[in-house]
Amino acid sequence: MTTSAFDHPFLCGLLGDDEVAAYLSADADIRAMLFFERALAKAESVHGLIPEKAASRIADACKGFTADMAGLKAATAKDGVVVPELIKQLRKCVGGDAAEHVHFGATSQDVIDTSLMIRLKSIAFLFSGRLGAAIFALDALDREFGQNTLMGHTRMQAAIPIAVSDRLRTWRAPLELYRGRLTEQSFPVQFGGAAGTLDKLGDKAAAIRASLAQELGLADEPQWQSQRAMIADLTNLFSLITGSLGKMGQDIALLAQAGGEIELAGGGGSSAMAHKQNPVAAETLVALARFNAAQLSAIHQSLVHEQERSGAAWTLEWLVIPQMVMATAAALRLARELTGNVLRLGRS
């Protein structure tokens, strides 16, 4: 049994995305957390804060570490976060004097938020590629059908004839903008220690953070543990992507309803009416756009991140961000499939 349509046994056939879901898995999260701990130890050893031998031992342990998932589950129920138990298990794996240098100067939020950034950076790269594929497909439709004619509609009423190119431009232009924004998006390391001051690192704090960011392939920025605008901005971009794809889906569904101006392959069947070819992908794009728009309000609620760390606002992000990512992934996949199934658009 599952409570999410994105990994439901059969609904995932429509809404799932195995490629992107892999980055949201517990295994991927733990790998990224261990990447943080390994990189932190290396950065601290480079700057003389911990022994080089200890950093080497921590790195070896991280590479061969296998988490006790049952233990992580039980501890998270008590602690509210997975990191204290994960670090406990990792220190046991490291063993000896080196164990005391694991996670030195860091806090749970550093590990969890940095893991999120590592994985979202990879996801954004995938999304950028998928946007590029959708743009390429729309360009191909423009080359083939752009000079054909569509009836333009305003306020759901017939207006004046327009070129297919005019309609395609409204679908393609925002996708080009979003692709550019994804390419320029910054994914910063989160490293602030207990209360955001990196108090245990003294005057080496900024240098260690810079080395840590470089090792992880993330941007070096001051701690942002209670400033969540960057999270809200990125998820807003996800909602914009699905919203614009939803507009395309709605337009195609209406064209299919009217008939005559579009021909689609790959339509969905009906259990009652064998003659029907339902525009399933187009309809689903509309649903995913509305879903992400609704989820975005919850992310904006998490901006109210009180004082130096909020358990409530942070947990809300964990509930919502994966769902928005999966909705965006599904929308980009379906958009590419839908544009590839257009056999004719407009009247010549």
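A residue is termed partly exposed when its relative accessible area lies between the limits for buried, under 20%, and exposed, over 50%. In the predicted model described here, Ser 56 has a relative accessibility of 39% and therefore counts as partly exposed. Ser 56 is situated in helix H4, which comprises residues 52-64. The C-alpha atom of Ser 56 is 62 Å from that of Ala 256, and 200 residues separate the two in sequence.

Confidence in the prediction was examined along the protein. The average pLDDT is 94, and 96% of the residues reach a score of at least 70. Residues 268-276 have pLDDT under 50 throughout, and the model gives this segment eight contacts beyond four places in sequence. Where pLDDT is low, the predicted coordinates should not be read in detail.

The largest nonpolar core contains 103 residues. Within this core, the residues with the most contacts are Met 117, Phe 127, Phe 191, Leu 212 and Leu 245. Helix H7 supplies the largest share, 16 residues. When residues up to four places away in sequence are not counted, Phe 127 touches Val 20, Leu 182, Phe 238, Val 325, Thr 328, Ala 329 and Leu 332.

Leu 212, one of the core residues with the most contacts, is also among the buried residues of helix H9. Viewed down the helix axis, the buried residues of H9 fall within an arc of 135°, so they line one face of the helix. An α-helix has 3.6 residues a turn, so residues three or four places apart point the same way. The cover over the buried residues of H9 includes helix H3 (26-46) and helix H7 (108-145). Helix H9 consists of 12 residues, 205-216, and at 1.5 Å a residue should span 16 Å; the C-alpha atoms at its ends are 16 Å apart, in agreement with this expectation. Gly 217 follows H9 and has a positive phi, near 75°.

Strands E1 and E2 form a hairpin, with two residues between them. In the turn, Arg 155 has a positive phi of about 55°. Strand E1 (residues 149-154) runs antiparallel to E2, and five bridges join the two. One of the residues bridged to E2 is Leu 150, whose partner is Ile 162. Of the seven residues of E2 (residues 157-163), the number buried is zero, so this strand lies largely in the open.

How values were computed
Residues are numbered from 1 along each chain as its sequence is written. This is a predicted model: local features need pLDDT of at least 70, side-chain atom pairs count only at pLDDT 80 or more; totals for chains, interfaces and linings use all residues. Side-chain values use heavy atoms; hydrogens and water are left out. Helices (H or I, at least four residues) and strands (E, at least two) are DSSP runs, numbered from the N terminus. The expected span of a helix is 1.5 Å times one less than its number of residues. Buried means under 20% relative accessible area, exposed over 50%, partly exposed in between (1.4 Å probe, protein chains only). The arc is that of the directions from the helix axis to the C-beta atoms. Contact means heavy atoms within 4.5 Å. Two strands pair if DSSP finds at least two bridges between them. A nonpolar core is a set of buried Ala, Val, Leu, Ile, Met, Phe, Trp, Tyr and Cys residues joined through side-chain atoms within 4.5 Å. pLDDT is the predictor's confidence in each residue, from 0 to 100.
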